[in-house]
2 protein chains.
Amino acid sequence: MDRVKKLEILLEFGKKIQAERNIEKLIKLLTEEATELLEAERATVFVLDKEKKKLWSLVGLGLDKQKIEIPMNEGIAGYVATTGESLNVPNAYKDERFNKEIDKKTGFRTKTILAVPIRNLKGEIMGVFQVLNKKDTTFNEEDEEILNMLASQAGVAIENSKLYSQLKEAFSSFIESLAQALDARDHITSGHTLRVANLSMLIGKKLGLNEEEIEILHHAAWLHDIGKIGIKDSVLAKPGKLTEEEFNHIKTHTILTKQILDKIKFYGKMKDIPLIASSHHERYDGRGYNLGLKGTEIPLLSRIISVSDVFDALTSKRHYRDPMPILQVLEIIEDGKGKNFDPKIVEIFFTLSLFEILNVIKLGRKKLKLTPEEENLLKSINLKTFFSFLKKKQNTPYGTKKPY
Amino acid sequence: MDRVKKLEILLEFGKKIQAERNIEKLIKLLTEEATELLEAERATVFVLDKEKKKLWSLVGLGLDKQKIEIPMNEGIAGYVATTGESLNVPNAYKDERFNKEIDKKTGFRTKTILAVPIRNLKGEIMGVFQVLNKKDTTFNEEDEEILNMLASQAGVAIENSKLYSQLKEAFSSFIESLAQALDARDHITSGHTLRVANLSMLIGKKLGLNEEEIEILHHAAWLHDIGKIGIKDSVLAKPGKLTEEEFNHIKTHTILTKQILDKIKFYGKMKDIPLIASSHHERYDGRGYNLGLKGTEIPLLSRIISVSDVFDALTSKRHYRDPMPILQVLEIIEDGKGKNFDPKIVEIFFTLSLFEILNVIKLGRKKLKLTPEEENLLKSINLKTFFSFLKKKQNTPYGTKKPY
């Protein structure tokens, strides 16, 4: 390949990697490109985690890449990360810095290595780029130049993807921390939003939502009760039943949720979050509040949150009642099909395993201790099966249901 | 310049623009690079704002660049943005699509134009890249190829910078919306956080804080009372004076602010936000709460929020008192030098103009209506001068101070 061709490839490739904000996909792109450009058998990009003092990467072939972590000063990559020097190793197993462990794990046989530091524009080391086993020969100076070019593009791309994901994480964790602080105003509802968000995620994933929809569902679920910030303590944490007036006051929390979220400058598909989060008390049959939306007029993600919200409310203690027995909760959800709830979401809900649902119920409460056998058993039974079992049991002479 | 050299420049340049997340600096980099590579007199990058259906850019020379906006279908740039075609115009004033208005504004004389669409990786048009007046000749096919390469790098960089700033804006507006909702729990304190944040920004800028510090101050000021989420309504909005026990309950809000913010995955220098936000009741002499920090042990940004917080609290109505007269407020702040407050921050505070401080006091309240003359007058007087004037007046026979 001549120089002009290589430069053109690098230039074209540069755009692709700069547009990739997912760090794992970015590593995949980088290693594929390096393998091809340098006629190597394999390439690895190590990302430096300064806090943990580790280098991590994805190794292996195809889709089943494994995540590995090594101390930042071990092996060839560790040497490069610490010193900032490039290394061209003609025989890996004769170099005492070489760490044979990774080969053992992956079943690959390393022969030659070319490794260069990955730096950002400020010159800070972000990681190490290495290529392994050049076909039929060893790596030369031109290879080193090309790999350095790739590495310096990689440095900027890795830094961008890190910053982007850090900002996203700060945003998500802010939402979560706020929602938890709100729940904590009334010790009885503490942990409610966490459980609703987790249950919604489980349902959303079973429903096959894509990555972007899952992110929106995450935010909307965490924010669904944010309007309770405006509900009076005396109503929110009232010991005993609510009067009609008090209940009407509580109902305004969905309006407040909408008002608060409308002020946030969401972008792209996140713009739907205020409507999604505030529609969790709409009913599938149109008899909910605040807008009285019906069926598919209600955003799909709200229909998910709606089932999660009721499930958690019923399985939790309230000021005016104890947690309901699970059979009764499942009956209410089953009965709510097409009335309170989207039938399809209820069906998906019943495909959850006992293990998944127990994990949700226990969130923010006392930890669940299970043996591996118990865990496997709970994983093998889904809610639907469990529900039929409970109903049958109830109708046997040993059941608790009163004779009619 | 030969092809290899040009490709190498583009490659090197690509990293620089991908690392630039500030859109205005990005435009500057892009136009400088294009002017040099294409031997043109000037270059303009137009960014497409799909919602407003406008193209906007920064034009002019040096630092005093003007922001201009044109409808997305007007002029040469508008044609390129709408059709996605490239245009090579050998004589601008003979092309009827050419918009002479921008030349009139900038005093520049456009002769030849080469304009290409800027696209992201998905092929969506993000803007238009144009170069003007190739030295001594017209633009050729090679120029068009180079400009297209630059434009496609620009597309990815513009998209990244847009996404990053949108995410930042979503984050900031979320903080602001939440804080305002919290203030609104008690109608008396409604607007408090907005005013504290704005006053803190004024002080911070006069103090010469850099961009990053200003951003941290913004977040910390908006979040300083977030812990009030855990304070009971009955105490927060109590009509009348608080008992000692109630006051001790209110004081826990700084601990709660810290606890809530500690759960947020802040990164970089933002990691200091929990400490900064929760230290606004520390006193310079060490007699504050909750940690009893003293002098420079208290984060600088907390010392700013501290002055802003007291100023707004005193100039606002409270359940147990009316807003204090401004003279009294200024006296309290002056007296607090070295006791409650960092003397340096108090000095900076007194350099604010009457206009600036009135704008803060009026925030979230009835709009202030001023003639341009009144506005100029208020801008010309700073708080220090005003304060001396008030004190003098108080001691004249016309003053209100009682004789001793």
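Chain A and chain B share 15 residue pairs in polar contact, both residues at pLDDT 80 or more. A polar contact is a pair of N or O atoms within 3.5 Å; within protein, one must be able to donate a hydrogen and the other to accept it, and residues adjacent in sequence count only if both atoms are side-chain atoms. The model is predicted: local features need pLDDT of at least 70, side-chain atom pairs count only at pLDDT 80 or more, and totals for chains, interfaces and linings use all residues. Residues are numbered from 1 along each chain as its sequence is written, chains are lettered from A in the order in which they are written, and side-chain values use heavy atoms, without hydrogens and water.

Six salt bridges also cross the interface (a side-chain nitrogen of Lys or Arg within 4 Å of a carboxyl oxygen of Asp or Glu). One of them joins B:Glu51 to A:Lys271, with the closest N and O atoms 2.7 Å apart.

Which element supplies the largest share of the side of chain A that touches chain B? H5(A) does, with 21 residues. That side divides into 25 nonpolar, nine polar and 14 charged residues.

Now the extent. Contact (heavy atoms within 4.5 Å) links 48 residues of chain A with 48 residues of chain B. The two chains bury about 4800 Å² between them, 71% of it on carbon and sulfur atoms. Buried area is the accessible area (1.4 Å probe) that two parts lose on being put together, summed over both. In chain A, A:Leu11, A:Leu167 and A:Phe174 lose the most area to chain B, together 15% of what that side buries.

The same surface serves both copies: 100% of the contact residues of chain A recur in chain B.

Conventions. Helix = DSSP H or I, 4+ residues; strand = E, 2+ residues; numbered from the N terminus. Nonpolar A, V, L, I, M, F, W, Y, C, P; charged D, E, K, R; others polar.
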